[in-house]
Amino acid sequence: YTLDTLDRWQKVADVDPASEEAQLLAARRALLNGEASRAKNLANAFIERYPLSRYRPDALLVRGDATLAEGDEYEALFDYEEIARRYAGSEVFIHTLARELGIATAYAKGLKKRMLGTIRILDSSEEAQELLIRIQERLPGSELAERAGMELSDYYFNRREMMMAAESYRLFIENYPRSSQINKARLRLIYAYIAGFRGPEYDASGLLEARAKLRALQALQPGLAQQVGAAAILSRSEESEAAKFLSTASWYLEVNDPISAEQSIRRLVQRHPTSIATLEALRIIPDILKLGPESVVKNAPDYRAMRKSLLKVEWDQMPAAETIPMPPAAPAAQPVADAAK
């Protein structure tokens with residue numbers, strides 16, 4: 001059939017009932033009529049009879065769709081994958097990837113695979129991730145790839161795999177800057193970075209990335225930044241970074257390195273002067289300076305003025321109960337001969 005000048009369908013040729021096209025058409029009609037089993041049998045017969053037919057990808061799609069209609073989406077993937085791998089130039093290639101995206105989305109949302117064709121108890125998370133990645137690789141820049149990229153990012157985010165989610169959202173923003181979901185990706189990238197920070201004792205690179213993204217959001221989209229409470233999130237991230245500096249200083253004290261401990265506190269009070277961690281650092285700095293050399297004390301910031309301004313106490317007014325326990329002094333160096341013994 002073809003459309004005439006009045007947009008009406010007009011038959012232009014009859015199909016030979018014995019031709020490949022007619023046999024494939026019969027399988028399609030059976031599928032459209034809800035006869036999935038009959039459509040699958042017709043598609044099987046066609047594929048066996050014409051293994052080198054130019055309609056083979058169409059027949060594979062019909063068989064895969066029939067298998068999917070019977071409720072066995074995992075078995076249908078074998079036909080879809082053959083099309084995707086061997087017939088990327090066929091007319092049904094994009095339709096095939098759309099089918100795979102539907103299955104991958106269902107798996108990502110928790111659909112289990114069937115065990116021996118019976119009950120659904122088998123984990124399908126690996127299949128979901130692999131399919132969503134393949135769709136983006138096979139049709140980059142397309143709407144299907146964009147949907148797959150967001151679905152994969154949300155999959156990691158919902159499973160609390162925050163480092164994977166952050167990387168996936170970052171790639172989405174890079175690959176689809178004009179997407180209608182770009183704001184969602186930017187916000188979730190920030191949330192993933194913040195949620196990936198496990199505490200002061202761990203790496204804080206993700207926290208720094210989140211702060212940079214938040215400041216960029218405030219500059220580019222101030223309305224959206226205000227809507228999501230960017231200022232409050234920034235304040236929280238700065239407190240976390242400040243706690244990281246304080247934790248580092250405490251660790252240096254534990255290994256009897258007061259010089260490095262003072263350097264960590266110096267960075268803390270310079271970068272986060274109003275943080276809670278700064279208040280705690282100013283409580284312990286007198287005891288740290290007692291352990292350091294004179295050169296460090298001379299070049300240090302005016303901790304005395306800071307304590308008086310923020311803590312409202314003089315340098316020597318620290319209650320004894322608030323003084324931190326100091327690490328034991330390092331043993332005296334031994335002669336090389338004695339150490340060898």
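Figure 1. E167 and R170 both belong to helix α8 (residues 162–175) and stand three residues apart, about one turn of the helix; helices (H or I, at least four residues) and strands (E, at least two) are DSSP runs numbered from the N terminus. The model is predicted, so local features need pLDDT of at least 70 and side-chain atom pairs count only at pLDDT 80 or more, whereas totals for chains, interfaces and linings use all residues. Residues are numbered from 1 along each chain as its sequence is written, and side-chain values use heavy atoms, with hydrogens and water left out. E167 forms a salt bridge with R170, the closest N and O atoms being 2.6 Å apart; the term denotes a side-chain nitrogen of Lys or Arg within 4 Å of a carboxyl oxygen of Asp or Glu. At 38% relative accessibility, E167 is partly exposed, and R170 is partly exposed at 29%. Buried means under 20% relative accessible area, exposed over 50%, and partly exposed in between (1.4 Å probe, protein chains only). Elsewhere, salt bridges that share partners join E81, R85, E100, E130, R134 and R138 into one network.

**Figure 2. The salt bridge between D154 and K184.** The side chains of D154 and K184 meet in a salt bridge at 2.7 Å, N to O. D154 lies in helix α7 and K184 in helix α9, so the pair ties together parts that are 30 residues apart in sequence. D154 is buried, with a relative accessible area of 10%, while K184 is partly exposed at 30%. Not counting residues up to four places away in sequence, D154 touches Y169, K184 and R188; contact means heavy atoms within 4.5 Å.

**Figure 3. Helix α9.** The 14 residues of helix α9 (residues 182–195) should span 20 Å at 1.5 Å a residue, and the end C-alpha atoms are 20 Å apart, which agrees. The expected span is 1.5 Å times one less than the number of residues in the helix. Within α9, the residues I182, A185, L187, L189, I190, A192, Y193 and I194 are buried.

**Figure 4. The salt bridge between R56 and E82.** R56 pairs with E82 in a salt bridge whose closest N and O atoms are 2.9 Å apart. This pair links distant parts of the chain, with R56 in helix α3 (residues 56–69) and E82 in helix α4 (residues 73–86), 26 residues apart. R56 counts as buried at 13% relative accessibility, and E82 counts as buried at 18%. A search of the whole structure finds 24 salt bridges.

Figure 5. Q23 is placed in helix α1 (residues 20–32) and is partly exposed, with a relative accessible area of 21%. Not counting residues up to four places away in sequence, the contacts of Q23 are P17, A18, F46, R49 and Y50. Q23 and A43 are 20 residues apart in sequence and 8.5 Å apart in space, C-alpha to C-alpha.

Figure 6. S125 lies in helix α6 (residues 125–138) and is buried, with a relative accessible area of 9%. With residues up to four places away in sequence not counted, S125 touches Y155 and R159.
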